[in-house]
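Trainee: May we examine this protein together, by question and answer?

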Amino acid sequence: MAQNQEYSLFEDVCSFVDDAAQHMELHPGLLEQIKQCNSIYKFHFPVRMDDGSYQVVKGYRVQHSHHKLPVKGGIRFSEMVNEQEVMGLASLMTFKCAMVNIPFGGAKGGVNIDPLAYNTRQLEKITRRYTSELIKKKFIGPAIDVPAPDYGTGAREMAWIVDTYEAFNPEAINAKACVTGKPLSQHGIEGRTEATGMGVYIGIREAVSVKEDMESLGLTTGLQDKKIIIQGLGNVGFYSAKYLSEAGAKIIGVAEWNGGIWDENGIDIEALKEYQIENKGFEGYQKGEFVKESISLLEKECDILVPAALENQITSENAGKIKAKIIGEAANGPITKEAEKILLEKDVFVIPDMYLNAGGVTVSYFEWLKNLSRVSFGKLEKRYDMEKYKFLLDSIENATGDAFKQEQRDAIVKGASERDLVISGLEETMVTAYHDLNEMRKNKKIKSLRTAAFILAIERIAISYTDMGIFP
């Protein structure tokens, strides 16, 4: 715990901004505004426990940048939550949104508890009280600040948040848009569950598609037969691994907090996930070797390493032992700044978190838009498109005298579902953003994709601040 207090994610992010600024011409005052957190709300509230006792809980909500509104960022429930961590995560959200051109400022929230130490009823009390504190200070709202799930929270907590917000704001027609990552029953969106993991897959797929970059690493293009190690088999890690393996990659290692699995022949991710759910871990899994000290798996030889757990996992202590040629940061801040310097000197290609895990906020943006419009994507045009394509096929058949096979008709005469449109929008966002940042890296003649991503994000934020001016 002492180490966590010494380390400041926020200071790390600020130093990355300073590195990027060296390649830019920015007014020092504007740079300082871009770095600082605009609003920090730290508060305490009591919770009555089942035995009649009271606990005082510490909560945070940090709005890093108001260059775009609303601000956006998750809420995490963890004993590791502290002000510096929330500030750092909020600032990362600002640059992440700007990097992928999503019109939000960055924010983050946290409650300093161990969610596993509370039952469902107690967690609901804590979540609702936390929400009411945000409402009192106007730190939540569709046009102000839109939270989402993060470590230790999920769709269930988001449903409690939106219900609490609606209770305080019964006249607000757009109230559902006060939070994203909601269950479908509460106007969530199809595709949100797998969004971050799918974004990780798309980002890595795009990175390995660039021939020049892969040749410099001694790799072939494409994902086929690439050996991959994943750290963390939660939501993000699981879907990242699932889509990467479906694309032809071989998952040879999976690390979790209570042990890992190593199998050079390849791991069946869906089977491993089922076993993990049933047995609360990997110990006893029949295929592959169980590794008790799972952090050691990060140092095994592989083509691509995907840390998808918590921040601060690759440090100056273990960076020199990393043998992966590519690291895809699926988690927030898994590589410290000192570690990244070591990795870049070793010519390891790091795909930064602020780009790679932006799939979640991208689809959250789509959910927010859906809630504001109050109609699900595809509902208005799906049947119209189906009839149009049917008419087109019938016309072709009549003109040629040939008939399409039934599977061809089924594939073509298909209106896009909400999930189809969401995945299409996610892919467009991730593909465009990757090639934008890689082009920036090459134009600036720098090694670091992270520095390139910060340059791109800072440019967009600076333009926004400059154009809006200063009030009064």
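Predicted model: local features only at pLDDT ≥ 70, side-chain atom pairs only at ≥ 80, totals over all residues.

Mentor: Residues are numbered from 1 along each chain as its sequence is written, and side-chain values use heavy atoms, with hydrogens and water left out.

Trainee: How many helices and strands does the protein have?
Mentor: Helices (H or I, at least four residues) and strands (E, at least two) are DSSP runs, numbered from the N terminus. Counted in this way, the secondary structure comes to 17 helices and 12 strands.

Trainee: What is the radius of gyration of the protein, and what does the globule rule give for 472 residues?
Mentor: The radius is taken over C-alpha atoms, and the rule is 2.2 Å times the number of residues to the power 0.38. The two values are close, so the protein is as compact as a globular protein of that length. The radius of gyration is 23 Å, and the rule gives 23 Å.

Trainee: What share of the 472 residues counts as buried?
Mentor: Buried means under 20% relative accessible area, exposed over 50%, and partly exposed in between (1.4 Å probe, protein chains only). By that criterion, the buried share is 57%.

Trainee: Why is strand S4 described as largely enclosed by the rest of the structure?
Mentor: In a regular strand the side chains alternate between the two faces of the sheet. In S4, Gly105, Ala107, Gly109 and Val111 are buried on one side, and Gly106, Lys108 and Gly110 are buried on the other. The strand is largely enclosed because the buried residues of S4 (residues 105-111) number seven of the seven.

Trainee: Which strands pair with S4, and in which sense?
Mentor: Two strands pair if DSSP finds at least two bridges between them. Strand S2 (residues 54-63) has five bridges to S4 in the antiparallel sense, with Gly59 opposite Val111. Over five bridges, the parallel partner of S4 is strand S3 (residues 71-77).

Trainee: Through which helix does the chain cross from S3 to S4?
Mentor: Ile75 has Gly109 in S4 as its bridge partner. This β-α-β crossover is right-handed: with the strands pointing away from the viewer, the path from the first strand over the helix to the second runs clockwise. The chain crosses through helix H4 (residues 83-99).

Trainee: Where is Pro70 found?
Mentor: Most residues other than glycine have a negative phi, and most peptide bonds are trans. The bond from Leu69 to Pro70 is cis, with omega near 0°. Pro70 is found in the loop between S2 and S3.

Trainee: Is Asp225 buried or exposed?
Mentor: Asp225 is not a glycine, yet its phi is positive, at about 65°. Asp225 is placed in the loop between helix H8 (211-217) and strand S6 (227-231). At 53% relative accessibility, Asp225 counts as exposed.
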